[in-house]
Amino acid sequence: MSKQINLKNLPVPQSILFSKDFRKDYLNFADDEILLQQPVLILDLLFQIISDLRNNMFLDNGIFMGKDNQVKMDLWNSEFVGDERNEIRKVYNVSQFLKNRSKEQITEALQFLKLFKNEKFTFQNKAGVTITTSGGLIKDWFFAEKSGNFEIVISLYWANKIVALQSYNQLFLTSVRKFTSTKQRFFLLWLLEINQKGTSVLISTIQGAFNLNYKTNYDFIRGFIIPIKLKLDQENSGMSFNYSVDKNNSSLLHIITYPNKPDKEV
């Protein structure tokens, strides 16, 4: 018998545990440049879905009632992610994402999340059951004209990537939402990949990766790097970074990240 999880409305957390596997497989902008061309609305929807999946998994949601977190994860893997008929649904209102309540913008974003990575996937859950399914992150969506509500059905395959954390980073949603550029947001995700020792990268490599076209290295640092760093520092947003130009090679940039903890939880 199929089961259904209806995700509850919860306060938006300051940060989430963000799966490295999901970021690598779904948000790999180096392989899927189309991601950099999307409006920030796509990422607003995406991070909201991730947040709701992560938070709802540890509630008494009627399916895993009264269980501790590890038992809930075991049940998620053995019982829920073991049947393609099981569904995860969530209802939102367009006003949560767009002040102008544009039906066209929201439905185009939903359709992108339905078609992007819409492939056939085969995987095994922890009980050894082989699952074959298809679809993008959103399997389907429905928009109500009068209310502005829309319902989404979330792919079990991608939901499992989000929920079943093998390795992860802490992603501060409050800082991500401060940036209104898709490329800047993806730069923040790239910063998560940098280890404590930092990294050195050619400016031309960064420009190529993020489809930037600054004429000089100085223009790139002034127009792209500095605004991101200043906003991260000013917002006290959980993470920031330092950078320096190599003394022997003005085209080489050294970057090291560091924690920038918020003053208080929100």
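Visitor: Which element supplies the largest share of the lining of the second largest cavity?
Guide: In this predicted model, the second largest cavity holds about 40 Å³ of space, and its lining includes Ile42, Leu43 and Leu46. Two helices, α2 (40-56) and α4 (103-115), each supply at least two residues of that lining. The largest share amounts to three residues, and the element that gives them is α2.

Visitor: How many charged residues does the lining of the second largest cavity have?
Guide: Among the residues that line the second largest cavity are Tyr26, Leu27, Gln38, Phe112 and Phe186. Sorted by class, this lining has nine nonpolar residues and one polar residue, while the number of charged residues is none.

Visitor: Which element gives the most to the lining of the largest cavity?
Guide: The search of the whole structure finds three cavities of 30 Å³ or more, and about 60 Å³ of space lies in the largest of them. The elements that give two or more residues to its lining are α6 (173-176), β10 (238-245) and β8 (168-172). With three residues, the element that gives the most is β8.

Visitor: Why is α7 described as roughly perpendicular to α9?
Guide: Helix α7 (residues 182-191) packs against helix α9 (residues 217-235), with their axes 11 Å apart and at an angle of about 70°. Angles of 65 to 115 degrees count as roughly perpendicular, and therefore the description of α7 relative to α9 is roughly perpendicular.

Visitor: Which residues of α9 make the contact with α7?
Guide: By class, the contact of α7 with α9 has seven nonpolar residues, one polar and one charged. From α7, the contact is made by Lys183, Gln184, Phe187, Leu188 and Leu191, and from α9 by Phe224, Ile225, Ile228 and Leu232.

Visitor: Which residue in β7 stands opposite aspartate 140?
Guide: Strand β6 and strand β7 (residues 149-154) run antiparallel and are joined by five bridges. Opposite aspartate 140, the residue that stands in β7 is valine 153.

Conventions:
Residues numbered from 1 in each chain as written. Predicted model: local features only at pLDDT ≥ 70, side-chain atom pairs only at ≥ 80, totals over all residues. Heavy atoms only, no water. 1 Å grid on protein atoms, 1.4 Å probe; cavity = no way out; pocket = protein on both sides within 12 Å on 5 of 7 lines; lining within 4 Å. Points joined across faces, edges and corners; volume = space filled by probe spheres on them. Helix = DSSP H or I, 4+ residues; strand = E, 2+ residues; numbered from the N terminus. Nonpolar A, V, L, I, M, F, W, Y, C, P; charged D, E, K, R; others polar. Axes fitted to C-alpha atoms, helices over the stretch in contact; angles between N-to-C directions. Parallel < 35°, antiparallel > 145°, perpendicular 65-115°, else oblique. Contact = heavy atoms within 4.5 Å. Pairing = 2+ DSSP bridges.
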